[in-house]
Amino acid sequence: MRALPLLLRALPLLPAPSQAELLDFVRHVATDAELVASLPIDPQGRTWVRLDGPGGSEAWLIGWPPGTGTGWHDHGKSLGAFMTAAGELRENSLAVRLPTDGWKTLELNGGVDLERRLTAGAGRAFGRYHVHEVLNESPARHAVSVHAYYPPLPLMRRYSRSGQTLRLEQVERPAGRQ
């Protein structure tokens, strides 16, 4: 039993990946045509496959049927990046940092809304507590994207939005993570 702490001290710690490294990773995966084509496609709902990301990050290849989206959410303390590999996605986001705790409803100021159209090969990195929604608005075409997060998602907060009012609806913690 005494050897275990010595063994753990001898293992190298991986440096945390930066936003730029996460973006490089999703860009590389998005250009892997064979991997992207291997994603099972469901006409009714999103599909996904877990990938090994850089430096212990969590990564996903996600299929988006026409008309699907995530709803407003954030990824807590995780940095992230995503890139469209096929089709086109729209990202709506807020250009303001929200308080992280202690609120249920916020009135947003005007001018905080951003919209990005991300065609195949386009993506972006984002910081902690980035609030956004991602949508496939195509009436007929699937989209595929690659996402990476570090640290692996400790929680996700889901929001509803009506006009300028943003309401915290749910905090999700993946199984086994506290």
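Predicted model: local features only at pLDDT ≥ 70, side-chain atom pairs only at ≥ 80, totals over all residues.
Overall, the chain has 178 residues, with three helices and 12 strands.

**The chain as a whole**

- Along its principal axes, the C-alpha trace spans about 60 × 45 × 25 Å.
- Buried residues account for 41% of the chain's 178 residues.
- The chain exposes about 9900 Å², and carbon and sulfur atoms supply 55% of that area.
- If you take the contacts between residues at least 6 apart in sequence, 75% of them join residues at least 24 apart.
- On the charge side there are 20 positive and 18 negative charges, and their mean positions lie 8 Å apart.

**The five-stranded sheet**

- Reading across this open sheet, the order is β1-β2-β10-β4-β8, and the pairing is antiparallel.
- At the edges sit β1 (47–52) and β8 (123–126), each of which pairs on one side only.
- From one strand to the next, the twist averages 15 degrees.
- Helix α2 (residues 19–30) packs on the sheet and touches β1, β2, β4 (79–86), β8 and β10.
- The direction of α2 makes about 20 degrees with that of β4.
- As a reminder, strands of a sheet pair through backbone hydrogen bonds, either parallel or antiparallel.

**Strand β10 and its two partners**

- In the sheet order, β10 sits between β2 and β4.
- Most of β10 is covered, with seven of its eight residues buried.

- The peptide bond from Tyr 150 to Pro 151 is cis, and its omega is near -5 degrees.
- Pro 151 itself lies in the loop that links β10 and β11 (156–162).
- Tyr 129 isn't a glycine, yet it has a positive phi of about 60 degrees.
- You'll find Tyr 129 in the loop between β8 and β9 (132–135).
- Tyr 129 counts as buried because its relative accessibility is 13%, and the cut-off for buried is under 20%.

**A look at Ser 160**

- Ser 160 is part of strand β11.
- Its relative accessibility is 28%, so Ser 160 counts as partly exposed.
- Setting aside neighbours within four places in sequence, Ser 160 is in contact with Thr 165, Leu 166, Arg 167 and Glu 169.
- Ser 160 and Leu 94 are 66 residues apart along the chain, and 13 Å separates their C-alpha atoms.

Methods. Residues numbered from 1 in each chain as written. Heavy atoms only, no water. Helix = DSSP H or I, 4+ residues; strand = E, 2+ residues; numbered from the N terminus. Buried < 20%, exposed > 50% of the residue type's maximum accessible area, 1.4 Å probe, protein only. Contact = heavy atoms within 4.5 Å. Areas by Shrake-Rupley, 256 points an atom, 1.4 Å probe, with all protein chains shown as cover. Lys, Arg positive; Asp, Glu negative; His and termini not counted. Charge placed at Lys NZ, Arg CZ, Asp CG, Glu CD. Pairing = 2+ DSSP bridges. Axes fitted to C-alpha atoms, helices over the stretch in contact; angles between N-to-C directions.
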